[in-house]
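Trainee: I want to learn how to read a predicted model. Please take me through it feature by feature.

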Amino acid sequence: MIDSSTVTEPVVKLTAKDFQTDQDVRWCPGCGDYSILKQVHTILPQLGLKKEDLVFISGIGCSSRFPYYTDTFGMHSIHGRATAVASGLKATRPELSVWIVTGDGDALSIGGNHFIHLMRRNFDVNVLMFNNQIYGLTKGQYSPTSEVNKITKSTPYGSVDHPFNPIALALGSDATFVARSMDRDPAHLQQMLLQTWKHKGASFLEIYQNCNIYNDQAFELFTEKGTKKMNDLFMVEGQPLIFGNNDEMGIRLDGFTPQVVNLNDGFSKDDLMVHQPKDINKAMILSRLYEMNDSEHHFPKPFGVFYVKDRDTYEDVMNGQVEAALAKMGTGDLDKLLRGKETWTVV
Ligand SMILES: Cc1ncc(C[n+]2csc(CCOP(=O)(O)OP(=O)(O)O)c2C)c(N)n1
Ligand code: SF4
């Protein structure tokens, strides 16, 4: 079995080019999906795995075209059910490195129920959720991450739905690795992809992805030069939470309540909250940080790893049960079982 936590040197030497396919990439020019594809192809050779040990499973959506463009095994499955297909594969072939590629609509609308159960069951799979806050493939309807009042083709007077917070949803579903990155920061995205892979258990990576056709500039506050430093908080384990144009702003905790402070106003780095991704309470606070913005408070949006926890994976426990049963009772005989005496007559 591949133990991702112990692989340091690539065992198999491949390049990013080896993961490209002969398919025409059919995303719109300028779509953020291109950058994500490129960063995934860049990190795959670093895993040291053979192509046939990698599987990319997607649902339906623009993002879900991903397996066509990646030369590994893969499946463009059914809407919202990549999670179910991946769970079955991981249960029976635990040695494979299984990746799920999904959109905010695919994962959280039709696939919402399957998503939460995948997280709590803790299959060792890597979920890459491309969040563009819209349905791209079906031409611009609102999604469960679209903001209130958003005008789309299906909400001509503005959406009245309260949106999901995907990070809080994954934490609430007991995911054992929860992180966020963005299409426009290749170095950060590569780092997060590697950490997503390294974690043994259900890993959830939300990736902000610009749909330049139906929801352009949805994340420009966090991606553009002039605004990103005041609006992005890059979390680093063991480091104080600092942001700002000159790293002059910080997050401190007053009890359970986060506050933004200016280090030029009498606060020092020692006063700030230190990032501890193994602390679920702190992860929960950070997942809601940006929602605390109002006319008096200006909180940044956190990027990086919110939470990580070691917990037995579903497939390890299940296959352990199978092995124990085999050791106790030997190999079964299906024919004998079907023709056996334990039958019922239904009247
Ligand atoms: C059972 C079913 N219902 C609805 C659809 C239509 N449909 C296809 S993709 C999609 C949503 C895609 O949105 P998202 O997951 O955000 O992906 P994006 O295209 O934005 O990458 C919908 C509703 C479908 N294909 N199958
Ligand atoms: S519709 Fe949007 S998400 Fe889909 S390929 Fe075009 S730009 Fe990308």
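Trainee: Which residues line the largest cavity?

Mentor: A cavity is a set of points on a 1 Å grid, over the protein atoms alone, where a 1.4 Å probe fits but cannot get out; lining residues have an atom within 4 Å of a point. Here the lining consists of Gly80, Ala82, Thr83, Ile100, Thr102, Asp106, Ala107, Gly111, Phe115 and Val127. Keep the ground rules in mind. This is a predicted model: local features need pLDDT of at least 70, side-chain atom pairs count only at pLDDT 80 or more, and totals for chains, interfaces and linings use all residues. Residues are numbered from 1 along each chain as its sequence is written, chains are lettered from A and ligands numbered from 1 in the order in which they are written, and side-chain values use heavy atoms, without hydrogens and water.

Trainee: What is the volume of the largest cavity?

Mentor: About 60 Å³, taken as the space filled by probe spheres set on the joined grid points. The count is one cavity of 30 Å³ or more.

Trainee: Which elements supply at least two residues each of its lining?

Mentor: Helix 2, strand 3 and helix 3 (104-110). Helices (H or I, at least four residues) and strands (E, at least two) are DSSP runs, numbered from the N terminus. By type, the lining has five nonpolar, four polar and one charged residue. Gly counts as polar here.

Trainee: Which residues of helix 2 are buried?

Mentor: Buried means under 20% relative accessible area, exposed over 50%, partly exposed in between, with a 1.4 Å probe and protein chains only. In helix 2 (residues 82-92), Ala82, Thr83, Ala86, Ser87, Lys90 and Ala91 are buried. Down the helix axis they fall within an arc of 160 degrees, so they line one face of helix 2. The arc is taken from the directions from axis to C-beta atoms. The general idea: an α-helix has 3.6 residues a turn, so residues three or four places apart point the same way.

Trainee: What do these buried residues pack against?

Mentor: Contact means heavy atoms within 4.5 Å. The partners are strand 1 (54-58), strand 3 (97-103), helix 4 (112-121), strand 4 (125-131) and helix 10 (314-329).

Trainee: Is aspartate 124 buried or exposed?

Mentor: Buried, at 12% relative accessible area. Aspartate 124 sits in the loop between helix 4 and strand 4. Beyond four places in sequence, its contacts include Lys90, His199 and Thr313. Lys90 is one of the buried residues of helix 2.

Trainee: Which backbone nitrogen does its side chain reach?

Mentor: A polar contact is a pair of N or O atoms within 3.5 Å; within protein, one must be able to donate a hydrogen and the other to accept it, and sequence-adjacent residues count only if both are side-chain atoms. Aspartate 124 reaches the backbone nitrogen of glycine 201 at 3.0 Å. At the start of helix 9, a side-chain oxygen of aspartate 279 comes within 2.9 Å of the backbone nitrogen of asparagine 281.

Trainee: Which residues other than glycine have a positive phi?

Mentor: Most residues other than glycine have a negative phi. Asparagine 122 has a phi near 65 degrees, and aspartate 247 one of about 55 degrees. Asparagine 122 lies in the loop between helix 4 and strand 4 and is buried at 0%. Aspartate 247 lies between strand 8 (242-243) and strand 9 and is partly exposed at 45%.

Notes
1 Å grid on protein atoms, 1.4 Å probe; cavity = no way out; pocket = protein on both sides within 12 Å on 5 of 7 lines; lining within 4 Å.
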